[in-house]
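Here is a note on the structure shown below. It takes the points one at a time.

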Amino acid sequence: MANTTYDVIIVGGGVAGLSAAIYTGGAKLSTMVFDTGKSQVTQVSKVMNYPGFAEGISGTDLIEQCRRQVSGLGVELINREITGVERKQDAFIVSAESEQFESRYLVLATNVNWKILESLGFELEVNPLVPSGKIRFAKGIGYNGETHIPNLYLAGLHTPIQSQAVIAAGQGANIGITIASRALENTYMWHDK
Ligand SMILES: Cc1cc2nc3c(=O)[nH]c(=O)nc-3n(C[C@H](O)[C@H](O)[C@H](O)COP(=O)(O)OP(=O)(O)OC[C@H]3O[C@@H](n4cnc5c(N)ncnc54)[C@H](O)[C@@H]3O)c2cc1C
């Protein structure tokens, strides 16, 4: 029996996962983000290519601002490692050691940590768009992150995108909008008026 049930669970609180959360939280879907605090962008002392920050922003500040933004939208954030994911009827059961959490939609945004993808049986291949040749993504998955498992989405570098923060953020946002639109059964778009 799961401890708590959410509309959406997002595993990975980097720019991709947090951007997805902006939209699911903005659409008032109950959303939980689990994160282990190792976003790649926090290795960058000054990100100079993220729109809106002409003087640059430290990667740590960028993540902190995103975290504040999603918290303001009612999204819950927990610093916990997710160690397992199971599909049970129409729900996902997500495990953090002995604790379990349940959701209708699940987003995996764990970037260079492929463990959960492998445990779910995804085949991985090298992402030709990343020059190091070391980054892998799930075979057969497109930009929209949709998978053969209903309501499971892959975000960021689990999909064939370039390794740049704004691209990961945009791809995550696309998933957040897709989930919001499906859950609300109406095309969701964030417009002020
Ligand atoms: C050295 C370096 C320099 C870079 N410089 C730039 C730059 O100047 N400009 C630029 O645009 N891009 C840069 N990038 C790329 C940028 O960092 C990435 O595009 C961006 O961080 C990807 O975002 P993401 O959300 O997909 O992954 P991440 O930001 O890496 O987030 C993934 C998150 O998932 C969490 N996680 C992983 N496994 C689990 C788990 N099992 N349970 C819970 N949480 C988990 C991690 O702790 C992490 O916080 C750089 C990357 C590197 C490595």
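1. Where is the place of Ser132? Ser132 sits in the loop between β7 (124-126) and β8 (136-138); helices (H or I, at least four residues) and strands (E, at least two) are DSSP runs, numbered from the N terminus. Ser132 counts as partly exposed because its relative accessibility is 47%, where buried means under 20% relative accessible area, exposed over 50% and partly exposed in between (1.4 Å probe, protein chains only). Between Ser132 and Arg67 there are 29 Å in space, C-alpha to C-alpha, and 65 residues in sequence.

2. On the basis of the values: this is a predicted model, in which local features need pLDDT of at least 70, side-chain atom pairs count only at pLDDT 80 or more, and totals for chains, interfaces and linings use all residues. Residues are numbered from 1 along each chain as its sequence is written, and side-chain values use heavy atoms, with hydrogens and water left out.

3. Overall fold. The protein has four helices and nine strands, in the order β-α-β-α-β-β-β-β-α-β-β-β-α from the N terminus. Its radius of gyration, 16 Å, is close to the 16 Å that the globule rule gives for 193 residues, so the protein is as compact as a globular protein of that length. The radius is taken over C-alpha atoms, and the rule is 2.2 Å times the number of residues to the power 0.38. The C-alpha trace spans about 50 × 40 × 35 Å along its principal axes.

4. Of the 193 residues, 49% count as buried. Taking contact as heavy atoms within 4.5 Å, residues 24 or more positions apart make up 54% of the contacts with a separation of 6 or more.

5. A nonpolar core is a set of buried Ala, Val, Leu, Ile, Met, Phe, Trp, Tyr and Cys residues joined through side-chain atoms within 4.5 Å. The largest has 37 residues, and Ile10, Val15, Val107 and Ile179 have the most contacts inside it. At least two residues each come from β1 (4-11), α1 (15-26), α2 (59-72), β6 (99-108) and α4 (165-184). The most come from α4, which gives seven.

6. Beyond its neighbours within four places in sequence, Val107 is in contact with Ile9, Ile10, Val11, Tyr153, Ala155, Ile175 and Ile179. Another core, of 23 residues, lies apart from the largest one, and its members include Met32, Val85, Ala138 and Ile141.
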